[in-house]
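Subject: Structure for you to look at

Hello,

Here is the structure I said I would pass on. Please open it and keep it on screen while you read the notes below.

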Amino acid sequence: MNYKEYLKKIPHEIKPFCYFVGDTTVLKNAVLKRLIAEFIDEGMQDFDIERLGKDVQLFDIMNACSTFSMLSSRRIIIVEELTESVSLFKNQVSQLAKYISTLSENVLLIFDFISNPRADSVVYKTVLSLGDRIECSVNDEEDLYKWINRECKKNGLTISAHDRAYLVDACNKDITTLNNVFYKLVDYCASKPHGNNLLITQSDIDNNITFNAEIKVFELTNSISLKKRSESIKIYKKLTANGESPLFIFNLIEKQMSMMLLYLDGEAAGKRKDEIMESLSPIKPFVFNKLAVQAKNFTREECIRALKLALYYDNAIKNGEINEYTALELFIAKTCSKG
């Protein structure tokens, strides 16, 4: 279920076992904060909340769950950074399922996955079927707009619809980045030397965005794939204006092209998306999703041609055969050509 649906079920309709999926730490923390506020005595958090790592074994979970809470109505145990390949799931999955089925309502066991478990896996069918699945991701821009509206209201700020959309785009529609940037804006607006301290403007956003070269290179390769030469040059100039060297940009382009080629080869071989994602590991789900969309703009031949061209100019720069700025502009021009 979506994290918002789960929040509505607290405190009376939740199982003693649940698991988080999705790449959005902010939302996971929001759900956890609500659970702690509901079940954990304010002075007992050090005693009644226990965090375990990905190397956990069944004995560790049983020991944590069997410890009595001090003053809280439930004891919360969080197992972090899980994937389906951890030893707990490989070696103790049936025993784990049996134990979870006996959990009392005096505990809440939470598994936090960094990658989504497959619906056809043994782990999913045996262990995860016993608990509540909490989807912690945002795919709808409207949810991000509502989040900004709520946070503005809490902090006594306002923002226009245009600047709100600009902020979401500037944060690459990622709630974690948005959360970080928004609270920079709260502090910035409180101490603005001039202007309306209660209004977030586009200028304020520009002054507080940490420039992310990797995200901009995603935009650059996407623009190149669509043969938009002028737009590609504009993005390239923005990157270099913010201090990124053309050689660094080439390295990011090569990395991205290589990943797209692996994605296209995996898709051609009939692999599932989760299998392709595993072959590209480590990669965050939202980055993988962007890569999957962008790869559709390239044929395999175009991807190889662009990758070879990037490697050619990379070597030419390193060997002193060409100026790095000239090399990058030539790369963009040739890759954007339709021939």
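The accessible surface of the chain comes to about 17800 Å², and carbon and sulfur atoms hold 51% of that area. Please keep in mind that this is a predicted model. Of the 339 residues in the chain, 45% are buried.

The chain has 18 helices and seven strands. Among contacts in the chain with a separation of 6 or more, 75% are between residues 24 or more positions apart.

The sheet

Five strands form an open sheet with parallel pairing, in the order β2-β3-β4-β1-β5. The edges are β2 (49-52) and β5 (132-135). Each of these has a single partner strand, so one side of each is left without a neighbour in the sheet. From one strand to the next, the twist averages 20 degrees.

On to the next pair: β1 (residues 17-21) and β4 are linked in the parallel sense over four bridges, and Cys-18 has Ile-110 in β4 as its bridge partner. Strand β1 is also joined to β5, again in parallel, by four bridges. There, Tyr-19 is partnered by Arg-133 of β5.

Strand β4

How many of the residues of β4 (residues 107-113) are buried? The count is seven of seven, and the strand is mostly covered. In a regular strand the side chains alternate between the two faces of the sheet. In β4, Val-107, Leu-109, Phe-111 and Phe-113 point one way, while Leu-108, Ile-110 and Asp-112 point the other way. The residues on both sides are all buried.

Ser-121 is in the loop between β4 and α7 (122-126). Is Ser-121 buried or exposed? Its relative accessible area is 5%, and the cut-off for buried is under 20%, so Ser-121 counts as buried. The side chain of Ser-121 also makes a polar contact, at 2.7 Å, with the side chain of Glu-84.

Two helices

Helix α2 (residues 25-39) packs against helix α10 (residues 175-190) at an angle of about 80 degrees, and their axes are 7 Å apart. That angle makes α2 roughly perpendicular to α10. On the α2 side the contact is made by Thr-25, Val-26 and Leu-27, and on the α10 side by Ile-175, Thr-176 and Asn-179.

Ala-190 also lies in helix α10. Its relative accessibility is 63%, and exposed means over 50%, so Ala-190 counts as exposed. The C-alpha atom of Ala-190 is separated by 33 Å from that of Gly-22, and the two residues are 168 apart along the chain.

Regards

How values were computed:
Residues are numbered from 1 along each chain as its sequence is written. This is a predicted model: local features need pLDDT of at least 70, side-chain atom pairs count only at pLDDT 80 or more; totals for chains, interfaces and linings use all residues. Side-chain values use heavy atoms; hydrogens and water are left out. Buried means under 20% relative accessible area, exposed over 50%, partly exposed in between (1.4 Å probe, protein chains only). Two strands pair if DSSP finds at least two bridges between them. A polar contact is a pair of N or O atoms within 3.5 Å; within protein, one must be able to donate a hydrogen and the other to accept it, and residues adjacent in sequence count only if both atoms are side-chain atoms. Axes are lines fitted to C-alpha atoms, for helices over the stretch in contact, and angles run from 0 to 180 degrees between N-to-C directions. Contact means heavy atoms within 4.5 Å. Accessible areas come from the Shrake-Rupley method with a 1.4 Å probe; for residues, only the protein chains shown count as cover. Angles under 35 degrees count as roughly parallel, over 145 as roughly antiparallel, 65 to 115 as roughly perpendicular and the rest as oblique.
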